Structure formats: structure tokens, C-alpha cells
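Please read the numbered points beside the sequence and the coordinates.

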Amino acid sequence: MDRFEKIYSQGMIEVTEIWVDRETGVHYVFHRNGHSSGFTPLLGPDGKPVVVK
């Protein structure tokens, strides 16, 4: 888990988190609700992935 860093977390049952890939700088959104979950790149207003180096 050294490659990814959780920078934001909200909720207990319905969870939303933002993770940063330390190698690429790409931000990802993780969302879990019950037994369902998803992990996808966070997109900016231009539709491109949010990247912070």
C-alpha cells in the first residue's frame, strides 16, 4: 500500500474516499455502499484525470 495514499474519507456505511497514486499523481475516487463498490479516476471539469505532482 505504499503506492497509494488516502487523502479524504467520508462516511461509515456509505463510504467515499479519494486516493492518490504516489507514482503518477493521479487522483482516484473509491465509493462503497453495502456490498457494492467502485474505484475510478477523479475527473476535472475538462474531463481529464486530476493529476497533481
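1. Strands S3 and S4 form a hairpin with two residues between them. In the turn, Gly34 has a positive phi of about 70 degrees. Strands here are DSSP runs (E) of at least two residues, numbered from the N terminus. S3 covers residues 27-33 and S4 residues 36-41; the two run antiparallel and are joined by six bridges, where pairing requires that DSSP find at least two bridges between two strands. Tyr28 stands opposite Pro41 in S4.

2. The model is predicted: local features need pLDDT of at least 70, side-chain atom pairs count only at pLDDT 80 or more, and totals for chains, interfaces and linings use all residues. Residues are numbered from 1 along each chain as its sequence is written, and side-chain values use heavy atoms, without hydrogens and water.

3. Contact means heavy atoms within 4.5 Å. Leaving aside residues up to four places away in sequence, Glu17 touches Lys6, Tyr8, Ser9, Tyr28, Val29 and Phe30.

4. Ile13 belongs to the loop between strand S1 (4-10) and S2. With a relative accessible area of 70%, Ile13 is exposed. Residues up to four places away in sequence not counted, Ile13 touches Arg32, Asn33 and Gly34.

Note on methods: Helix = DSSP H or I, 4+ residues; strand = E, 2+ residues; numbered from the N terminus. Buried < 20%, exposed > 50% of the residue type's maximum accessible area, 1.4 Å probe, protein only.
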